[in-house]
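These are my notebook entries on what I looked up in this structure.

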Amino acid sequence: MSAQEFEVEWAREFYGKRLSSLEELFGVKKPIIGMVHLPPLPGSPAYRGEPIEEIIEFALRDALNLVEGGVDGLIVENMWDLPYFVGESVPPEEIAAQAVITREVVKSVNVPVGVNIIHNGWRGEIAIAKAAGAKFIRVCLLTGAMVWDTGEIDHGCAAKLLRLRKALYAEDVKLFADILKKHAVMFPGIDLKTHVEWTEFYMADALIVTGRMTGAPPSVETVAEVKRLAPHRPVLVGSGCNPGNIRNFLKYADGAIVGTYFKKGGIAQNPVDIERVKKFMEIVKEIRKQA
């Protein structure tokens, strides 16, 4: 339903702020969002005491290689702060470092930048987005309840997040929400259809479909089913995309988030390989022409 179809003003205003398509934000159909996986940040077990300038330089190299290779957007993520904290337990020292780095990325590229804090660090994400000028955040668990791979029981954050976003005057920051998130198991009874309906209802701008773990693809059938269940919401594939499967995924999905494939040797811990980015984006450009 279009916001203009509502007869009451509050509904037109409230729903009118929602993203209508990915093209509205990224400027192209079927956008590809590249992951800027940050090295371990201060406070995490793998951090070795490097100056923040070194981490910024690494992030900017990856970001610029991704953009030069042709991606349409970026997400800055604390990928290597493992084992991960959950939700509002993410420590401020890690959030502060990620905010500083994200701001440098935003200033250095000409594509929309998003933020993700693993696992479901929604409060830190919206704070970073506001401070750094990011355009969207990836919300790992907007609705429902589940158990993370680290053992914590987690629940949706929609009520708190939407209120905080409004209080921060950050309603221009879009919410990209995961469906049946990787690295986690949903509580019994929350099936795919239920989670899609709940997440769409609570104002997700886009839905993300992932496999079970980082680098693992979802099934094409699952992506198609999410799009069928939420035909008016943009749907992104959130893990496991490569040149061999992206054509099938983009038959149903409106875009994709790519991390592991873009790295040297396809190894997630490595820096971005610009040639792999270019190879992947050539295929995407062909798909766009055919579409």
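I searched the whole structure, which is a predicted model, and found 1 cavity of 30 Å³ or more. I then looked up how much space lies in the largest cavity, and the value came to about 80 Å³. I kept in mind that rolling a probe the size of a water molecule over the atoms shows where empty space is left.

Which residues line the largest cavity? I wrote down F14, K17, R18, R165, E171, K174, M203 and D205. Sorting this lining by class, I noted 6 charged residues and 2 nonpolar ones, with no polar residue.

**Entry on aromatic rings**

I next counted the aromatic pairs, and the count came to 10. For F6 and Y15 I noted ring centres 5.0 Å apart and planes at 20°, and the pair is stacked because planes under 30 degrees apart count as such.

Are these two partners buried, exposed or partly exposed? F6 has 22% relative accessibility and so counts as partly exposed, and Y15, at 26% relative accessibility, also counts as partly exposed. Buried would mean under 20% and exposed over 50%, so both values fall in between.

I also found that F6 and Y15 belong to one aromatic cluster together with W10 and F14.

**Entry on a charge over a ring**

Last, I looked up Y261 and saw that R276 lies over the face of this ring, at 4.2 Å from the ring centre.

How values were computed:
Residues numbered from 1 in each chain as written. Predicted model: local features only at pLDDT ≥ 70, side-chain atom pairs only at ≥ 80, totals over all residues. Heavy atoms only, no water. 1 Å grid on protein atoms, 1.4 Å probe; cavity = no way out; pocket = protein on both sides within 12 Å on 5 of 7 lines; lining within 4 Å. Points joined across faces, edges and corners; volume = space filled by probe spheres on them. Nonpolar A, V, L, I, M, F, W, Y, C, P; charged D, E, K, R; others polar. Phe/Tyr/Trp six-rings, centres within 6.5 Å; stacked < 30°, edge-to-face > 60°. Buried < 20%, exposed > 50% of the residue type's maximum accessible area, 1.4 Å probe, protein only. Lys NZ or Arg CZ within 6 Å of the ring centre and 35° of its normal.
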